[in-house]
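Hi,

Here is the structure I promised to send over. Have a look at it first, and then read on for what turned up.

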Amino acid sequence: MKTLTFIKWEFKSLTRLRVILPLVAFMFFTSYLGGELSGVVFVSGENVRLENLASMLGKTGVVSIEGIYLALAFFSAILVPFSLTEELNTGILKYYLSLPISRFKVFLAKFLACYIVLNLTSLTAVYYKMFMTDPRNFFRFLAVSPFYMLQPCLMILLATLFTFSVSLYFSVVSVKAWHASLYSLFTLYSFYTVRLVNPRLRWYLPPYMFFPASTSMTGIFYIMFFSVFLTLSSCYIFVRRLEVA
Amino acid sequence: MNPVSKLGLVLITAALSALAGNIFTLQGPGLTITYSTGRSLGPQKLSGIYLFLKSYEYRVTISCDGKALFMVLRLEDLLSSAGNLEEKALIKKVVEGWSEVSFRPERRGAYALLVKNLEESRLSASFAVFTTKVLEVDFLMDTMVAITIGVFLVVIGLTLNAVSQRRLRK
């Protein structure tokens, strides 16, 4: 069995789940809860700086990450343990591993399928919000300043990787799916609730540290390093250490 | 359910959820934006701000120490104006001293709020924009369009399903 076929198979099995519609609903709803952008562009004369407006529209998308972070945390904690730990418990994973396909490819297929589903829904929700902010000029801004318009995309890919890697790690080290969900939720929500305890610390933790205006690239680098490290650790545990009874 | 129906269902869910989110944000306070030209606005010169407005109700208070023209323009009108800004302006008001303008944009989007000095000397002008949040009718209409497309896709998907099942029976 080819890896791509297996990814397609995993992707289809995820989209068949009844969790997809609530996922879409939650993402689209929470994308509006991140707050509104109050920025303005100052002008003198008739020269229109479309790049500045595109930058503002891009920030509207980035601000949405605060809203969708909870949805990302919640659905990462459901989808990933369901795809890994639950299949380990029910014996489906044992069947997969009996096929002529390496453990790494099984892991890769599950990783990509879940990551694509989460990213597709969050990206669609954020870009829908951006599009609805100015439907008449959205594509004009995209043509004039693609960097600013694609900035939310990069930030979402990073935010998803972070929530996803935490859930992935707990999925491969937990015995039961609900344990993994609980640990992931607890960890991811604890970052979010730090802002209530100490608002100063919020800029150093997700989801605020994904805002490019408020953080340095060093913070983003650390979170990416942490996510990649957790993902690689999970891969190692799955391929080398996981016992399938 | 075939993929076309599923896509329709996802579209309906997405549009309704976004509408719910949009209505939920009406609870928060409306934004207030202030702008001042300082003493820098020369004769017949323009100054102002661009911002994204929604179809809320806006009240603008303008004050200046001379005669000025306050204008509200859509971004696309501004881009195609070719110098005739006053003709394209949605709102225009000559202000001497202090004045107030209320407006509600028909469509949300990028707008320019500009002040033009009508004096032959330098002028100082400032304005403040106060927002009153109301239900965005244009957003509601766009959501209805998305829902209609979704329903259309669901119907098409179900019809295709029924046709294929009939063929199988034959």
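Into which domains is chain B divided? Before the answer, one caution: this is a predicted model. Chain B splits into domain 1, made of 3-23 + 138-162, and domain 2, covering 29-132. Taken over C-alpha atoms, the centres of these two domains of chain B are 38 Å apart.

Now for how the two chains meet. On the chain A side, 27 residues are in contact with 31 residues of chain B. Four elements of chain A each put in at least two residues: helix H2 (20-30), strand E1 (41-44), helix H3 (50-90) and helix H5 (103-133). The biggest giver is H2(A), with five residues. If you sort the side of chain A that touches chain B by class, you get 17 nonpolar, six polar and four charged residues.

There's also a helix pair within chain A to look at. Helix H7 (residues 146-173) and helix H8 (residues 177-197) of chain A have axes that come within 8 Å and cross at roughly 145°. The crossing of H7(A) with H8(A) is right-handed. If you want to find the spot on screen, pick out Thr163(A), Val166(A), Ser167(A), Phe170(A) and Ser171(A) on H7(A). They meet Ala180(A), Tyr183(A), Ser184(A), Thr187(A) and Leu188(A) on H8(A). That contact between H7(A) and H8(A) has five nonpolar and five polar residues, and no charged ones.

Cheers

Definitions and conventions
Residues are numbered from 1 along each chain as its sequence is written. Chains are lettered from A and ligands numbered from 1 in the order in which they are written. This is a predicted model: local features need pLDDT of at least 70, side-chain atom pairs count only at pLDDT 80 or more; totals for chains, interfaces and linings use all residues. Axes are lines fitted to C-alpha atoms, for helices over the stretch in contact, and angles run from 0 to 180 degrees between N-to-C directions. A crossing is left-handed if the near helix is turned anticlockwise from the far one by less than a right angle, and right-handed if clockwise. Two residues are in contact if their C-beta atoms, placed from the backbone, lie within 7 Å. Ala, Val, Leu, Ile, Met, Phe, Trp, Tyr, Cys and Pro count as nonpolar, Asp, Glu, Lys and Arg as charged, and the others, Gly among them, as polar. Domain bounds come from an automatic or database domain assignment.
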